[in-house]
Amino acid sequence: QVQLVESGGGLVQPGGSLRLSCGVSGNMFSMYAMNWYRQAPGKQRELVATITNDASTNYADSVKGRFTISRDNPKTTVYLQMNNLKPEDTAVYYCNAHSVRIGIRYDYWGQGTQVTVSS
């Protein structure tokens, strides 16, 4: 079973920065598209950033220019660098590993890490 473990969340003031990390078990990391999602209280989970297995990236409009997703395949880790944080970025952030093999979709999730942006 693939396991994802997030870290790096916490409390930060508006305008501050945090870097989230997500370590992925197993030997298939390089094949996954990796995603960061977030869910704020009372809201649906939303896709924040994606990095494909060939390192192409995509971002939600709300975080473009502020967040950067990256991956380190030898370390089987994906990162989310978050700069110029705003109170509306407050949410639980989840790491997701996604692949499709022989027509079957695989999705693995971490447990989530809380990010709170407040003065």
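Let's start with Asp61 and Lys64. Their side chains meet in a salt bridge, 3.2 Å from N to O. A salt bridge here means a side-chain nitrogen of Lys or Arg within 4 Å of a carboxyl oxygen of Asp or Glu. Are these two residues buried or exposed? Asp61 counts as exposed because its relative accessibility is 66%. Lys64 has 48%, so Lys64 counts as partly exposed. The cut-offs: buried is under 20% relative accessible area, exposed is over 50%, and partly exposed is in between, with a 1.4 Å probe and protein chains only.

A word on the source. This is a predicted model, where local features need pLDDT of at least 70 and side-chain atom pairs count only at pLDDT 80 or more, while totals for chains, interfaces and linings use all residues. Residues are numbered from 1 along each chain as its sequence is written, and side-chain values use heavy atoms, leaving out hydrogens and water.

Back to the charges. How many salt bridges are there by this rule? Five. One joins Arg105 and Asp107, at 2.5 Å from N to O. Arg105 is exposed, because its relative accessible area is 57%. Asp107 is partly exposed, at 28%.

Now look at Asp89 and Arg38. Their closest N and O atoms are 2.9 Å apart, in another salt bridge. This pair links distant parts of the chain, 51 residues apart: Asp89 is in the loop between β8 and β9, and Arg38 is in strand β4. Strands are DSSP runs of E, at least two residues, numbered from the N terminus. Both Asp89 and Arg38 are buried. They also belong to a salt-bridge network with Glu46 and Arg66.

Next, the core. The largest nonpolar core has 31 residues. Such a core is a set of buried Ala, Val, Leu, Ile, Met, Phe, Trp, Tyr and Cys residues joined through side-chain atoms within 4.5 Å. Among those with the most contacts inside it are Met34, Trp36 and Tyr93. Strands β9 and β11 are among those that each supply at least two residues. Met34 touches residues including Leu4, Phe29, Ile51 and Cys95, leaving aside those up to four places away in sequence. Contact means heavy atoms within 4.5 Å.

Last, strand β11, residues 113-117. Thr113, Val115 and Val117 form its covered face; Gln114 and Thr116 form the uncovered one. Which way do its partners run? β2 runs parallel to β11, joined by three bridges. β9 runs antiparallel to β11, also with three bridges. Strands pair if DSSP finds at least two bridges between them. Leu11 stands opposite Thr116, and Tyr93 stands opposite Thr113.

Notes: Helices (H or I, at least four residues) and strands (E, at least two) are DSSP runs, numbered from the N terminus.
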